[in-house]
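Thanks, everyone, for making time this morning.

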Amino acid sequence: MNAAVRDWIRASDSITVLTGAGISTDSGIPDYRGPQGVWTKDPDAEKLVQYDTYMADPDIRRRSWLLRRDNPVRHAQPNAGHRALVEIERAGRLRGLITQNVDGLHVRAGNSEEKVIELHGTMFSVLCTRCGARTTLDENLARIEAGEPDPACENCGGIQKTATIMFGQMLERRVLERAAIAAQVCDVFLAIGSSLQVEPAASLCRVAVEAGAKLVVVNAEATPYDAVAGAVVREPIGEVLPGLVAGLG
């Protein structure tokens, strides 16, 4: 099966990729829904990323800021899976790299910001929910260390959060439109390290298939889209991806 996937990739002029948390586990960032996932081990942790709860509960916000402070994402480095996707872009075949991750590792690995579509935003930027002012995560963590457990916007006093999409928030229309176009115009759609349970990101797989693309699911666990995939790969992402893209040149 892997040989067939390699052939599809080599024959394709337009490849779109969707990545989830599973591609970053080799960088020391735990996923969410896997057997050792953050929410599997601690279901209450999901409350920290629910928008209504976050906005209404100061204690949730204080816990969220501490989670951001201690998050391994801040110091993580790209792994072999991320670097393999850079090779697709260097070969001129990457239509778009859609990611559900907020860790910024695709750009740090070498993919261009123009190709990376961050569906759920980035945790390295902070915005005010009232006036929209933006600051950096590091600026706000410095305020926490200085004794502000829930730093308010210095411009208007509004509640701040990272520039990520929480549960209960709508994805930005412009970002979702870019992702949908990338799914519609590719020959091969690679869904990597995603449980494919979160919509509308997961439905991009069906968009690609209905437009005629070959869907390849690379994930340790079964997904709802395995049945419509042209190939399902269960091997570790950091080991299998470099081989699948080898020889693109």
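Before the first contact, a word on the term: by a polar contact I mean a pair of N or O atoms within 3.5 Å, where, within protein, one must be able to donate a hydrogen and the other to accept it. Please also keep in mind that this is a predicted model.

With that cut-off in hand, the side chain of Asn-79 makes a polar contact with the side chain of Ser-27, at 2.9 Å. Where does Asn-79 sit in the chain? Its place is in the loop between α4, residues 58–70, and α5, residues 80–90.

The buried residues of α5 are Gly-81, His-82, Ala-84, Leu-85, Val-86, Ile-88 and Glu-89, and what covers them includes the strands β1, β2 and β7 together with the helices α6 and α10. Just after α5, Gly-92 takes a positive phi of about 80°.

Leu-119 is found between β3, residues 116–118, and β4, residues 121–128, and it is buried, with a relative accessible area of 2%. Which residues does Leu-119 contact, leaving aside its neighbours within four places in sequence? Among them are Leu-18, Ile-98, Ile-165, Leu-171, Val-175, Leu-176 and Leu-204.

Stepping back to the chain as a whole, we have ten helices and nine strands. The radius of gyration is 19 Å, close to the 18 Å that the globule rule gives for 249 residues, so the chain is as compact as a globular protein of that length. Of those 249 residues, 49% count as buried, and, of the contacts with a separation of 6 or more, 68% come from residues 24 or more positions apart. The chain exposes about 11,600 Å², of which carbon and sulfur atoms supply 49%. Finally, on charge, there are 27 positive and 32 negative side chains, and the centres of the two sets lie 2 Å apart.

Conventions: Residues numbered from 1 in each chain as written. Predicted model: local features only at pLDDT ≥ 70, side-chain atom pairs only at ≥ 80, totals over all residues. Heavy atoms only, no water. Helix = DSSP H or I, 4+ residues; strand = E, 2+ residues; numbered from the N terminus. Rg over C-alpha atoms; globule rule 2.2 N^0.38 Å. Buried < 20%, exposed > 50% of the residue type's maximum accessible area, 1.4 Å probe, protein only. Contact = heavy atoms within 4.5 Å. Areas by Shrake-Rupley, 256 points an atom, 1.4 Å probe, with all protein chains shown as cover. Lys, Arg positive; Asp, Glu negative; His and termini not counted. Charge placed at Lys NZ, Arg CZ, Asp CG, Glu CD.
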